[in-house]
Amino acid sequence: MSTAQLARNEAPWRPADAADLNARYEGRGDLALADVLTDPAFGEVALVSSFGADSAALLHVAAGIRKDVPVLFVETGWLFPETLRYAEDLSAWLGLKDVRWLRPDRGVLEAKDPKRLRWSYDPDGCCEVRKVEPLDRALAGFDLWVSGRKSHQNRERAQLQLFEGQERQLKLNPLHDWSSARLRDYAVAHKLPPHPLVADGYPSIGCSPCTSRVQPGEDPRAGRWRGWDKSECGIHKVGSADGGEPVF
Ligand code: SF4
């Protein structure tokens, strides 16, 4: 970090540096995560988690480095009760010290989703109000955020990079090249508690009205927004420099 940057309290890594960082950390998502969580050169860092089916691995790796990393969890008001319990239990099991439950703004909900039915006719608008806006507000104070997305999860994520540059922040996807087998092996090796709905046929878990069971051979995210031309919620479009695919 340069003296001038220190004086301005700025992180030296900017969104435009994503390509340089990808070259520097190619194939080393573990090292990238360790560095962003411990090196002040990356500025203020938060981890974003849905406490879904595959969330435990990233949280476990991060907790092994820094238990006080801020973890942002968007509680939309429509999550399964099993997810809420899992978020509490897994946070305690991992010893995470700073899990922040984010909620939609009450006034916005009253104006835009007064009957709690927006998911049924405008899921993009519902996700905007219940997920994107609360997270966007919370991320305003951070220079970099860490996501648990993996490139094997669906077609939209196939080209996922380790670092992504956004308008205001850098984003790190340290598990982007993990296969489902590697995730499974990691969970077994570390005895990670599974989300209770996985055994019930939900390999990807979001809000209850928009998540259904997945049949053998289907894409793991096929149960999300089934019947709609929508596979992502928009959270990963937050501040995106390229206006890229909305994802969560
Ligand atoms: S996943 Fe469904 S219920 Fe949840 S915010 Fe999006 S549209 Fe609304």
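Predicted model: local features only at pLDDT ≥ 70, side-chain atom pairs only at ≥ 80, totals over all residues.
Visitor: How many helices and strands are in the chain?

Guide: The chain has 9 helices and 6 strands. It holds 248 residues, and 46% of them count as buried.

Visitor: And the contacts, what percentage join residues at least 24 apart?

Guide: Among contacts between residues at least 6 apart in sequence, the figure is 69%.

Visitor: Let's go to the strands. How many bridges join β2 to β3?

Guide: There are 4 bridges between strand β2, residues 71–74, and strand β3, residues 99–102. The two strands run parallel.

Visitor: Which residue of β3 does F73 stand opposite?

Guide: F73 stands opposite W101. V74 has L102 as its bridge partner in β3.

Visitor: Which way do the β2 residues point?

Guide: V71 and F73 point one way, while L72 and V74 point the other way. All of these are buried. In a regular strand, side chains alternate between the two faces of the sheet.

Visitor: What about β1, parallel or antiparallel to β2?

Guide: Strand β1, residues 45–48, runs parallel to β2, and 2 bridges join them. V48 in that pairing stands opposite L72 in β2. The chain crosses from β1 through helix α4, residues 55–65, to β2, and this β-α-β crossover is right-handed.

Visitor: What does W93 contact?

Guide: Leaving aside neighbours within four places in sequence, W93 is in contact with H60, H190, K191, L192 and P193. W93 and L192 are 99 residues apart along the chain, and their C-alpha atoms are separated by 9.2 Å.

Visitor: New topic, the ligand. Which residues are around it?

Guide: They are W78, W119, P123, C126, C127, R130, K131, C207, C210 and W225. The shell divides into 8 nonpolar residues, 2 charged and no polar.

Visitor: Which helix gives the largest share of the shell?

Guide: Helix α8, residues 123–139, gives the largest share, with 5 residues.

Visitor: R130 is in that shell. What does the side chain of R130 make a polar contact with?

Guide: The side chain of R130 makes a polar contact with the side chain of D113, at 2.9 Å.

Visitor: Where does D113 lie?

Guide: D113 is in the loop between α6, residues 106–112, and α7, residues 118–121.

Visitor: Why does D113 count as buried?

Guide: Its relative accessibility is 5%, and buried means under 20%, so D113 counts as buried.

Visitor: Which residues does D113 touch?

Guide: Not counting residues up to four places away in sequence, D113 touches V108, R118, C126 and R130. C126 and R130 are also among the residues around the ligand.

Terms used
Residues numbered from 1 in each chain as written. Heavy atoms only, no water. Near = heavy atom within 4 Å. Nonpolar A, V, L, I, M, F, W, Y, C, P; charged D, E, K, R; others polar. Pairing = 2+ DSSP bridges. Buried < 20%, exposed > 50% of the residue type's maximum accessible area, 1.4 Å probe, protein only. Polar contact = N/O pair within 3.5 Å; in protein donor to acceptor, adjacent residues only side chain to side chain. Contact = heavy atoms within 4.5 Å. Right-handed = clockwise from strand over helix to strand, strands pointing away.
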